[in-house]
Amino acid sequence: MGLDVCGLVRRDHDDLDRALGAMVDPRTSPKELATLLDIFRLALAVHTAAEAKLLETLLARVSGPRTLSMLALQTRIEHVAQRAAADALVGVRPGSLGWYDGTLELRVTVMDHAARAEQTRWTLEDHVPLEIQK
């Protein structure tokens, strides 16, 4: 693709995972944990909005196989679940057992989502006309 949006999405996923990694590190202070959660939630909001807009724009331009709309729907569903899990952490005491359990579950969810990035790239390359990819 001309602008490597899949690469940008991958970097977002890596950034989100780094924040979550620090959020499950017992050496991170409770005050830092709360700040990291705020940063994570903001970064996730920006990421999900950008990815949704990209897929929405793509679907408006490509009358293509159902695979693309299913990919967009699955991405939306996963992002909603990630935001809900992050929002649930707001009410949990940073550094508590509940904090680490919730953060670890969120990290697994984000990593699972990110693991499909290459499959998404291949799907887009297979089903999006080259002129639109550029």
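I looked up Thr 75 and, leaving aside its neighbours within four places in sequence, found it in contact (heavy atoms within 4.5 Å) with Glu 51, Leu 55 and His 113. I note that this is a predicted model, where local features need pLDDT of at least 70, side-chain atom pairs count only at pLDDT 80 or more, and totals for chains, interfaces and linings use all residues. Residues are numbered from 1 along each chain as its sequence is written, and side-chain values use heavy atoms, with hydrogens and water left out.

Thr 75 lies in helix H3, residues 66-89. Helices here are DSSP runs (H or I, at least four residues), numbered from the N terminus. Is Thr 75 buried or exposed? It counts as buried, at 9% relative accessibility. Buried means under 20% relative accessible area, exposed over 50%, partly exposed in between, with a 1.4 Å probe and protein chains only.

Next I checked helix H2 (residues 30-61) against helix H4 (residues 97-115). They pack at an angle of about 25°, with their axes 14 Å apart. That makes H2 roughly parallel to H4 (angles under 35 degrees count as such). I listed the residues that make the contact: Leu 33, Leu 37, Phe 40, His 47 and Glu 51 of H2, with Trp 99, Tyr 100, Leu 106, Val 110 and His 113 of H4.

Last, I turned to His 127, in helix H5 (residues 117-127). His 127 is partly exposed, with a relative accessible area of 30%. Leaving aside neighbours within four places in sequence, His 127 touches Val 62, Pro 65, Thr 67 and Leu 68.

How values were computed:
Helix = DSSP H or I, 4+ residues; strand = E, 2+ residues; numbered from the N terminus. Axes fitted to C-alpha atoms, helices over the stretch in contact; angles between N-to-C directions. Parallel < 35°, antiparallel > 145°, perpendicular 65-115°, else oblique.
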